Amino acid sequence: MSPVSTFKDGFTFDPATAPADSKFKTPSWVIARTSTPQTLNGLGEPWDWKKPTFHGIDLTKVDPRVKVKHYEIADANLDSKIAFVDVNILDSTGKLPYKGDVLIKGKYIVSVGTKLSEEELTGARIFEGKGRTLMSGMVDAHKHFTWTNAGSLEALATMEPEEHTLFSARSARMFLDCGYTQSFGTASAKQCIDIVIRNAINNGEIISDIISILRSPPHPGPRHLANSLEIAPTGGALEDGITAFADGPNEARAVVRAHIEKFTVDNIKLSMSGEEINENLRAEDTTFDDANVAAAVDEVHSLGARVCSHARSDESVLQCLQYGVDVIYHASFVSDATMDALEVQKDRVFVAPAINSLYGILYDAEAYGHPQSKAESVGYKHELEIAIASMKEMYRRGIHILPGGDYGFAWTPHGSYRDPELFVKLLGMKPMDVILATTALGGELMGRPNELGKVQPGFFADVILVNGDPLENMGVLSNHKNINVVIMNGRVHKFSPDDGQVWYEPSRSLMDEAQRSKKIQEESNAAGLSNLPT
């Protein structure tokens with residue numbers, strides 16, 4: 001892959017570089033200009049972007065009908081103990097890293113920061129800090145386990161189902177190997193594979209390798225909220241083979257209901273705009289009419305699930321905001337009115353720009369038939385530049401921006417996850433803000449903000465030990481070799497050869513005390529006595 005550092009100062013949006021057919025006008029947050037917001041939505045109904053509602057639902061808050069499922073992962077050993085000793089703790093509360101110990105019992109973190117006593121360490125598996133950073137596992141908000149590292153959209157649909165399922169299981173394992181313990185499913189190339197992988201993760205049904213089995217049965221992937229085929233109107237698919245079609249509000253409701261009730265997905269994806277790689281359906285083109293979007297979102301929310309959207313065009317992003325889409329992908333072309341509306345809804349909406357997908361096709365795709373000159377000619381450089389400007393403005397306004405790079409193409413293969421690094425080097429985000437977006441905001445996205453995304457007592461023990469300091473060099477998170485230890489649900493998934501070999505045994509004094517207590521209790525039982533001090 002191209003070195004990100006080449007563009008560490010970011011890109012400069014130049015309207016003159018736009019393709020001849022570009023309809024996007026330079027917004028006021030690039031050059032000073034006044035804005036005229038809409039007063040009607042696409043259905044002709046009143047629209048007040050400052051106090052947005054749709055059919056009685058307050059769009060500044062999560063729809064109260066949405067109930068994110070909280071899956072439990074099977075086979076946690078509630079008696080196990082794991083201790084991290086003398087580590088640099090990056091706890092995702094906003095504090096700078098601090099030295100200390102961390103104790104895990106069963107699937108939960110029980111102690112953070114304080115030095116662990118001999119008694120607390122007794123029987124624990126020990127991981128020594130050695131200058132490394134302990135932090136929460138990370139999130140990918142735009143995850144495709146079923147994307148096959150293919151060189152085109154068409155090729156995503158051609159793998160046979162049996163092989164495709166095994167490939168998806170391997171990509172889930174790779175995701176966890178790289179330190180990602182939270183995954184928001186974006187779409188599946190086949191109807192049920194994402195759901196099967198989610199269930200296998202939750203049930204502990206996929207076995208990775210015999211060595212891992214002997215040491216500690218692993219989880220096959222991260223905590224995952226599953227998706228299915230993305231939904232588009234006829235003529236509006238990015239690729240027919242990975243799409244379920246819905247024309248009109250009634251069909252949209254029926255397809256959504258089948259996805260949720262029959263296939264048990266957690267998320268629904270609407271494909272609401274084009275993509276430059278598909279040269280007859282451009283990124284600035286919008287696919288769904290407003291009635292379809294409104295019906296689909298209402299049906300999804302009525303069934304307790306959430307909606308995510310492929311939305312690059314300004315019109316599609318505004319549709320997301322007018323009808324209640326929960327997670328917006330890409331959001332490259334954002335006008336004044338749309339940016340203002342997005343800021344008002346920033347406590348409800350998540351944006352995952354997938355900057356890496358644009359960056360990768362520009363600089364890493366030549367070997368797969370997409371030379372840089374072609375990528376630039378169809379508009380990818382133009383989109384990347386305006387997307388970077390858009391994300392910088394969103395960051396300035398406090399809008400939630402999450403990692404998730406649309407991985408699984410030949411130029412962005414599974415295992416090459418580098419969104420945190422790109423957020424620093426291209427978007428200019430502060431390292432601590434990137435860490436919070438990559439961990440704590442992930443807990444919010446997964447619907448479990450008090451259980452996931454932080455190294456705090458009472459949180460699930462989903463943590464990683466990193467060889468380096470991400471606040472000093474975010475690039476350490478881009479190389480899976482720097483992720484030395486991965487703990488998932490209180491179990492060791494991955495560790496380096498020099499780690500985790502020490503099991504803390506009690507000192508002689510504690511062993512003697514235990515033997516004395518045992519002897520007293522045995523004598524008491526033999527004498528028919530009870531409640532004696534030990």
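**Entry 1: lining of the largest cavity.** I sorted the residues lining the largest cavity by class and got 10 nonpolar, 5 polar and 5 charged. I note that the model I am reading is predicted. I then looked up the space inside, and the largest cavity holds about 200 Å³. Its lining is made of 20 residues, and the closest to the centre are L153, E275, R312, D406 and F409. Which helix gives the largest share of this lining? I found helix α9, residues 355–363, with 3 residues.

**Entry 2: how many cavities.** I counted cavities of 30 Å³ or more and found 3 in the structure.

**Entry 3: lining of the second largest cavity.** I listed the residues around the second largest cavity: K69, Y71, I73, N202, R223, H224, L225, M446, R448 and L452. By class, I have 5 nonpolar, 2 polar and 3 charged residues there. Strand β10, residues 223–225, supplies the largest share of this lining, 3 residues.

**Entry 4: N202.** I picked N202 from the lining of the second largest cavity. I placed N202 in helix α3, which covers residues 193–203. Is N202 buried or exposed? I call N202 buried, because its relative accessible area is 7% and the cut-off for buried is under 20%. Next I checked its contacts, leaving aside neighbours within four places in sequence. N202 touches Y71, E72, I73 and A74. Of these contacts, I see Y71 and I73 again in the lining of the second largest cavity.

Key
Residues numbered from 1 in each chain as written. Predicted model: local features only at pLDDT ≥ 70, side-chain atom pairs only at ≥ 80, totals over all residues. Heavy atoms only, no water. 1 Å grid on protein atoms, 1.4 Å probe; cavity = no way out; pocket = protein on both sides within 12 Å on 5 of 7 lines; lining within 4 Å. Points joined across faces, edges and corners; volume = space filled by probe spheres on them. Helix = DSSP H or I, 4+ residues; strand = E, 2+ residues; numbered from the N terminus. Nonpolar A, V, L, I, M, F, W, Y, C, P; charged D, E, K, R; others polar. Buried < 20%, exposed > 50% of the residue type's maximum accessible area, 1.4 Å probe, protein only. Contact = heavy atoms within 4.5 Å.
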